[in-house]
Amino acid sequence: MPTEIWQTPIEIAVGGGDHFKSVKNSREALATLMTCWPEKGGKSFAIAKRACMKSLSGEAEHAAAARAFLEAAIEAGILRS
């Protein structure tokens, strides 16, 4: 199954803000949530994780996963401005 590229990549700070990562699709977003998220848990984190999994399985739109990931990044304070 091809991975849909999001219309606009979402840039986040990783490694305590020393580095930045550009997340371009649901697969990258899910991997980021699971491996380098500053704090696993919270409402937005759970919603984003679920939205990315649904997007990858074809049960939801890729844009919904992007919006959920963006909200989680804002809540976590890691969205690059």
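## Contacts around Ala51

Contact here means heavy atoms within 4.5 Å. With neighbours within four places in sequence set aside, Ala51 is in contact with Ala64, Ala65 and Ala68. Bear in mind as you follow along that this is a predicted model.

Ala51 sits in helix 2. Is Ala51 buried or exposed? Its relative accessibility is 15%, and because buried means under 20%, Ala51 counts as buried. From Ala51 to Phe69 there are 18 residues in sequence, while their C-alpha atoms are 8.2 Å apart in space.

## The nonpolar core

Let us turn to the largest nonpolar core, which has 21 residues. Which of them touch the most other members? They are Trp6, Ile12, Leu33, Trp37 and Phe69. At least two residues of this core come from each of strand 1 (5-14), helix 1 (26-35), helix 2 (43-57) and helix 3 (62-76). The most is given by helix 3, with six residues.

Trp6 deserves a look of its own. Not counting residues up to four places away in sequence, Trp6 touches Val23, Lys24, Asn25, Ser26 and Ala29, and also His62, Ala65, Ala66 and Phe69.

## Aromatic rings

How many aromatic pairs are there? The count comes to three. In one of them, the ring centres of Trp37 and Phe45 are 6.5 Å apart with the planes at 45°, so this pair is tilted. Trp37 counts as buried, with a relative accessibility of 6%, and Phe45 counts as buried at 8%. Ring pairs also join Trp37 and Phe45 with Trp6 and Phe69 into a cluster.

Another ring to visit is Phe20. Arg80 lies over the face of Phe20, and the distance from the ring centre is 3.9 Å.

## The largest pocket

Now for the open space. Rolling a probe the size of a water molecule over the atoms shows where empty space is left. In this model the largest pocket holds about 160 Å³ of space. Its lining is made of Trp6, Gln7, Thr8, Pro9, Ile10, Ala63, Ala66, Arg67 and Leu70. Strand 1 and helix 3 each supply at least two residues of that lining, and strand 1 gives the most, with five residues. Trp6, then, is part of this lining as well as a member of the largest nonpolar core.

Leu70, one of the lining residues, lies in helix 3. Leu70 has a relative accessible area of 30%, so the residue is partly exposed. Beyond its neighbours within four places in sequence, Leu70 is in contact with Ile10 and Leu79. Ile10 is itself among the residues that line the pocket. Where does Leu70 stand relative to Thr8? The two are 62 residues apart in sequence, and their C-alpha atoms are 11 Å apart in space.

## A stop on helix 1

To finish, have a look at Ala31, which is found in helix 1. With a relative accessibility of 39%, Ala31 counts as partly exposed. Between Ala31 and Ala48 the separation is 17 residues in sequence and 11 Å in space, C-alpha to C-alpha.

Definitions and conventions
Residues are numbered from 1 along each chain as its sequence is written. This is a predicted model: local features need pLDDT of at least 70, side-chain atom pairs count only at pLDDT 80 or more; totals for chains, interfaces and linings use all residues. Side-chain values use heavy atoms; hydrogens and water are left out. A nonpolar core is a set of buried Ala, Val, Leu, Ile, Met, Phe, Trp, Tyr and Cys residues joined through side-chain atoms within 4.5 Å. Buried means under 20% relative accessible area, exposed over 50%, partly exposed in between (1.4 Å probe, protein chains only). Helices (H or I, at least four residues) and strands (E, at least two) are DSSP runs, numbered from the N terminus. Rings of Phe, Tyr and Trp (its six-membered ring) pair if their centres lie within 6.5 Å; planes under 30 degrees apart count as stacked, over 60 as edge-to-face and the rest as tilted. A charge sits over a ring if NZ of Lys or CZ of Arg is within 6 Å of the ring centre and within 35 degrees of the ring normal. On a 1 Å grid over the protein atoms alone, a cavity is a set of points where a 1.4 Å probe fits but cannot get out, and a pocket is an open set with protein on both sides within 12 Å along at least five of seven lines; lining residues have an atom within 4 Å of a point. Grid points are joined across faces, edges and corners, and a volume is the space filled by probe spheres set on the points.
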